[in-house]
Amino acid sequence: VTDATTAKNTINKAMSHDGVITNSAANNDKSDQQQQTNESSESTALQLVRTQIKADNLQMNEAVRSLFMIEAMEVVSNLESLLPIWQQDLQDLTALTEMRSNFYALKVSAKVAGAFSISTLAATVEHLLSAVVNNTLIVTEDLITLVLHSKEQVTILMDDFSNAQQPSIDLAHTILKSNNLIAGLPLSQGISSAKTESNFSDDNDSIDNDRASKDSADDSVNS
């Protein structure tokens, strides 16, 4: 009887152990499938944009980075002056072309300094404004919002780069939206349903959160 009981217990333990292994494997399979689903949820267009965003070179000489930051702050200051003028008169080609020139200058200087994320974003907006200057793209509320939003993103990226950090914000959606505008496609085509609001509310919330986090961190350092 004792031998039979021992054998039965041994079999039950083995079956229980096998069950645990089976359930664990099933859970792992579900996790892998979920990850694949998340990755496949991004459109081909969005995935392509991501491949075009090069990681910043954070090993660049400190003097070069400092010089770039001075130039970038000047560009942002210029844009902050030009944007309200352009918004008041969308036919003002002087303000429009100066904005484009500033984004071009930012594109070049950022690339030299290794701030490739800023360079890519600046190139995107420069291309967008060039289309407007050349009368191949009309000015819409979505375009205006995109340009304003991009300027805000530049300031976040500048903070990241000055602190030798990779970008804390996702540029892919902004770049794809710009590509869509130029191609005459719906603004949010190729972007997941969670990011389809044309008013950029989600992106703006992200920028506000980033600013709040940075301000909190600065306050902690100062205290």
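This is a predicted model: local features need pLDDT of at least 70, side-chain atom pairs count only at pLDDT 80 or more; totals for chains, interfaces and linings use all residues.
View 1. The chain holds eight helices and zero strands, and from the N terminus on its elements run α-α-α-α-α-α-α-α. Of the 223 residues in the chain, 34% are buried, and the accessible surface comes to about 12800 Å², with 51% of that surface belonging to carbon and sulfur atoms. Among the contacts with a separation of 6 or more, 66% are between residues 24 or more positions apart.

**View 2. Helix α4 packs against helix α5.** Two packed helices are described by the angle between their axes and the distance between the axes. For helix α4, which covers residues 93-113, and helix α5, which covers residues 116-133, the angle is about 155 degrees and the axes are 8 Å apart. Because angles over 145 degrees count as roughly antiparallel, α4 is described as roughly antiparallel to α5. The crossing in which α4 passes α5 is left-handed. On the α4 side, the residues that meet α5 include Leu96, Met99, Phe103, Tyr104 and Leu106, while those on the α5 side include Phe116, Ile118, Val125, Leu129 and Val133. Sorted by class, the contact of α4 with α5 has 14 nonpolar, three polar and four charged residues.

**View 3. Helix α3 packs against helix α6.** Helix α3, made of residues 62-88, meets α6 at an angle of about 160 degrees, and their axes are 11 Å apart. The two helices, α3 and α6, are therefore roughly antiparallel to each other, and their crossing is left-handed. The α3 residues that make the contact include Phe68, Met69, Met73, Leu79 and Trp86, and they are joined by α6 residues including Leu143, Ile144, Val147, Met158 and Phe161. By class, the contact of α3 with α6 has 15 nonpolar, three polar and three charged residues; among the charged residues of this contact are Arg65 and Glu80 of α3 and Lys151 of α6.

**View 4. Ala113 is a buried residue of helix α4.** Ala113 lies in helix α4, and with a relative accessible area of 1% it is buried, because buried means under 20%. Leaving aside residues up to four places away in sequence, Ala113 touches Asn57, Met60, Val64, Phe68 and Phe161. Ala113 and Met69 are 44 residues apart in sequence, while their C-alpha atoms are 9.2 Å apart in space.

**View 5. Asn135 has a positive phi in a loop.** Most residues other than glycine have a negative phi. Asn135 is not a glycine, yet it has a positive phi of about 60 degrees. The residue sits in the loop between α5 and α6, the latter spanning 141-162. With a relative accessibility of 71%, Asn135 counts as exposed, because exposed means over 50%.

**View 6. Ala164 also has a positive phi.** Ala164 is not a glycine either, and its positive phi is about 55 degrees. Its place is in the loop between α6 and α7, where α7 spans 172-183. Is Ala164 buried, exposed or partly exposed? With a relative accessible area of 37%, Ala164 is partly exposed, because this value falls between the limits of 20% and 50%.

Notes: Residues are numbered from 1 along each chain as its sequence is written. Side-chain values use heavy atoms; hydrogens and water are left out. Helices (H or I, at least four residues) and strands (E, at least two) are DSSP runs, numbered from the N terminus. Buried means under 20% relative accessible area, exposed over 50%, partly exposed in between (1.4 Å probe, protein chains only). Contact means heavy atoms within 4.5 Å. Accessible areas come from the Shrake-Rupley method with a 1.4 Å probe; for residues, only the protein chains shown count as cover. Axes are lines fitted to C-alpha atoms, for helices over the stretch in contact, and angles run from 0 to 180 degrees between N-to-C directions. Angles under 35 degrees count as roughly parallel, over 145 as roughly antiparallel, 65 to 115 as roughly perpendicular and the rest as oblique. A crossing is left-handed if the near helix is turned anticlockwise from the far one by less than a right angle, and right-handed if clockwise.
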